[in-house]
Amino acid sequence: MSLNVVHGGDLDEISRIYGIDKSCILNFGGNVNPLGLPQSVKRAIRENASDAPTLYPDVSYIELKKAIGEYTGIDSAHILTGNGSTELIALCINAVKPKKAVIVSPAYSEYLKQIELVGGSAELFPLREDEEYVLNIDRLKSVLHDGVDLLVICNPNNPTGTYITCAEIRELLEHCLKHGIRLMIDETYVEFASPDKQVSAMPLAEEYKNLFIVRGTSKFFACPGLRLGYGACSDREITEYISSHRDSWSVNIFAELSGKVMFRDRKFIEKTRSLITSERERIFGELYGCGDIHIYDSQANFFLVRIKREGVTSSQVFERLLAKNILIRDCADFPYLSDRYIRFCILDKKSNSLLIKELKNILN
Ligand SMILES: Cc1ncc(COP(=O)(O)O)c(C=O)c1O
């Protein structure tokens, strides 16, 4: 297999190709919370293991939506649930059926895939290296005109980690309203951001009908296998379309009962925020200004890094680290990035220190 297609986003693929046992890999590529599944969720699954599979989930997901409503501050009538955020991304795009979309890029590949599946086309709006990959709102507004029907932003953005604020999102929504454009924001990583940065658009969900917010639990609550995602939207046309076009029980019973406890687990939420915030500052401080790399400021639980050392590529760094059972994401396949970019997420302090040491060994 060509190394170009092995970028590190898929642990099973890496394990198969390189013949390394999955459990031996230190996975900096998955962007999953290093604290692992909350104890409260483990307990709920254990206690219901024998009976839950014999029942259907509540088809209206009333209690689950109530828990999400309390967590997000949104009326549960405006909450949608789905089989991971991926299902909601697809459902939202299906409901809007954009003819012409704008996607802020580089970004998660699923948006473009789904837009093309419904027969739409997308213009990729580039985040720029000379702007440190921070979204320039005025530049974006200049491409948002009447011919566009959907704008997609991931906030904080994967793979750059950069973000825009709720106030900037309001400015964009006002501009979009004038041109008949809907805004889909993917907030998969928003809970890792410091609350004082005011990154989430949730406070705007009930005010702006042209806003659709997608969130997942895979990363923050460390449960990608459960497949639980949710969305917030106050446009009844969209929510009714989604409710009538989705599989009635797309959230399985274990995801449903887990959701009812995880959003109320304040201890886990605070512990995660505290670990990610302190490690994010420490890693940035250790790598910023470090000879042969450039690290971009991030409000996510991962960092984008550019390799400045002549002649060293992202796949070489990827291979050197994998030889030590350390997996990072080679970002060569993202639009507007190149074979000089890598991404890695924040794990526990000891693992992060090991990665910093190995990166410095390779690049300094
Ligand atoms: C930005 C972004 N959105 C959505 C997803 C999919 O998450 P989920 O497991 O909730 O479907 C990912 C997964 O990597 C992601 O990076």
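**Exercise 1. Helices H4 and H8**

Task: In this predicted model, describe how helix H4 (residues 84–96) packs on helix H8 (residues 236–245).

Solution: 
- Start with the geometry. Two packed helices are described by the angle between their axes and the distance between the axes.
- The axes of H4 and H8 come within 9 Å. They cross at roughly 120°.
- Next, the hand. The crossing of H4 and H8 is right-handed.
- Now list the residues. H4 contributes Leu91, Cys92, Asn94, Ala95 and Val96. H8 contributes Ile238, Tyr241, Ile242 and His245.
- Sort them by class. The contact of H4 with H8 has seven nonpolar and two polar residues, and no charged ones.

**Exercise 2. Helices H3 and H9**

Task: Repeat the analysis for helix H3 (residues 62–72) and helix H9 (residues 253–262). Is their crossing left-handed or right-handed?

Solution: 
- The axes of H3 and H9 come within 8 Å and cross at roughly 35°.
- The crossing of H3 and H9 is left-handed.
- On the H3 side, Glu63, Leu64 and Ala67 make the contact. On the H9 side, Glu256, Gly259 and Lys260 do.
- By class, the contact of H3 with H9 holds two nonpolar residues, one polar residue and three charged residues.

**Exercise 3. Salt bridges**

Task: How many salt bridges does the rule count? Work through two pairs, Arg306 with Glu129 and Asp12 with Lys22.

Solution: 
- Side chains of opposite charge can pair when their charged atoms come close.
- Apply the cut-off. A side-chain nitrogen of Lys or Arg must lie within 4 Å of a carboxyl oxygen of Asp or Glu.
- The count comes to 19 salt bridges.
- Take Arg306 and Glu129. Their closest N and O atoms are 3.0 Å apart, and the pair forms a salt bridge.
- Take Asp12 and Lys22. This pair also forms a salt bridge, with its closest N and O atoms 2.8 Å apart.
- Locate that second pair. Asp12 lies in helix H1 (residues 11–18), and Lys22 lies in the loop between H1 and strand S1 (26–27), so the pair ties together parts that are 10 residues apart in sequence.

**Exercise 4. Backbone features in loops**

Task: Where in the chain do Pro106, Pro156 and Glu132 lie?

Solution: 
- Pro106 sits in the loop between strand S3 (100–105) and helix H5 (110–117). A cis peptide bond joins Ser105 to Pro106, with omega about 0°.
- Pro156 sits in the loop between strand S5 (150–154) and helix H7 (166–178). A cis peptide bond joins Asn155 to Pro156, with omega about -10°.
- Glu132 belongs to the loop between strand S4 (121–126) and helix H6 (137–141). Glu132 is not a glycine, yet its phi is positive, about 60°.

Technical notes
Residues numbered from 1 in each chain as written. Predicted model: local features only at pLDDT ≥ 70, side-chain atom pairs only at ≥ 80, totals over all residues. Heavy atoms only, no water. Axes fitted to C-alpha atoms, helices over the stretch in contact; angles between N-to-C directions. Helix = DSSP H or I, 4+ residues; strand = E, 2+ residues; numbered from the N terminus. Left-handed = near helix turned anticlockwise from the far one by under 90°. Contact = heavy atoms within 4.5 Å. Nonpolar A, V, L, I, M, F, W, Y, C, P; charged D, E, K, R; others polar.
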